[in-house]
Amino acid sequence: MKNINIGDAELEIMKVIWKAKKPMTSVDIGLCVEDKGWKKTTIATFLTRLTEKGALLSEKQGKLYYYTPAITEKEYKRSQVRNLIKTLYNGSVKEFALSFFDEKLLSDKDIEELTAIFNDGEE
């Protein structure tokens with residue numbers, strides 16, 4: 001899967017479309033993000049960019065365009081994690097994982113659950 005770079009505001013649009021699980025028009029999307037105060041033209045710009053980047057597919061039906069994701073949320077997250085590991089940890093998954101321990105970001109329960117997952121994978 002290619003790495004698609006999605007900005008923070010564009011990601012808000014993607015989250016709306018992923019959550020909807022159905023094709024959406026710009027009007028539908030606008031209603032879901034009206035708390036952001038974005039103008040229709042701003043939303044249209046985000047949709048155009050996301051389509052050009054390959055994150056969205058658009059299909060014209062009558063006068064309206066319907067947008068659907070070209071990538072799943074899971075695929076996007078995976079590509080971002082791979083990119084983060086490659087960029088910040090020189091490709092070392094081990095160094096990435098150790099950063100959670102170094103920063104004490106994992107609780108004892110988290111560590112216990114992760115250990116169980118690793119142990120299940122060894123069988």
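Reader: Which residues are linked with Glu 10 in a network of salt bridges?

Author: Arg 49 and Lys 53 are linked with Glu 10 in that network. The model is a predicted one. As a general idea, side chains of opposite charge can pair when their charged atoms come close.

Reader: How many salt bridges does the count come to?

Author: The count comes to six salt bridges. One of them joins Lys 53 to Glu 10, with the closest N and O atoms 2.7 Å apart. Lys 53 belongs to helix α3 (residues 40-53) and Glu 10 to helix α1 (residues 8-20), so this pair ties together parts that are 43 residues apart in sequence.

Reader: Is Glu 10 buried or exposed?

Author: Glu 10 counts as buried, because its relative accessibility is 4% and the cut-off for buried is under 20%. Lys 53, at a relative accessible area of 29%, is partly exposed.

Reader: Where do Glu 12 and Lys 36 lie?

Author: The side chains of Glu 12 and Lys 36 meet in a salt bridge at 3.6 Å, N to O. Glu 12 lies in helix α1, whereas Lys 36 lies in the loop between α2 (26-32) and α3, so parts 24 residues apart in sequence are tied together. Glu 12 is partly exposed at 27% relative accessibility, and Lys 36 is partly exposed at 37%.

Reader: What separates Lys 109 and Glu 113 in helix α6?

Author: These two residues are four apart in helix α6 (residues 108-122), which means that about one helical turn separates Lys 109 from Glu 113. Their side chains meet in a salt bridge of 2.7 Å, N to O. Lys 109 counts as exposed at 55% relative accessibility, while Glu 113 is partly exposed at 40%.

Terms used. Residues numbered from 1 in each chain as written. Predicted model: local features only at pLDDT ≥ 70, side-chain atom pairs only at ≥ 80, totals over all residues. Heavy atoms only, no water. Salt bridge = Lys/Arg side-chain N within 4 Å of Asp/Glu carboxyl O. Buried < 20%, exposed > 50% of the residue type's maximum accessible area, 1.4 Å probe, protein only.
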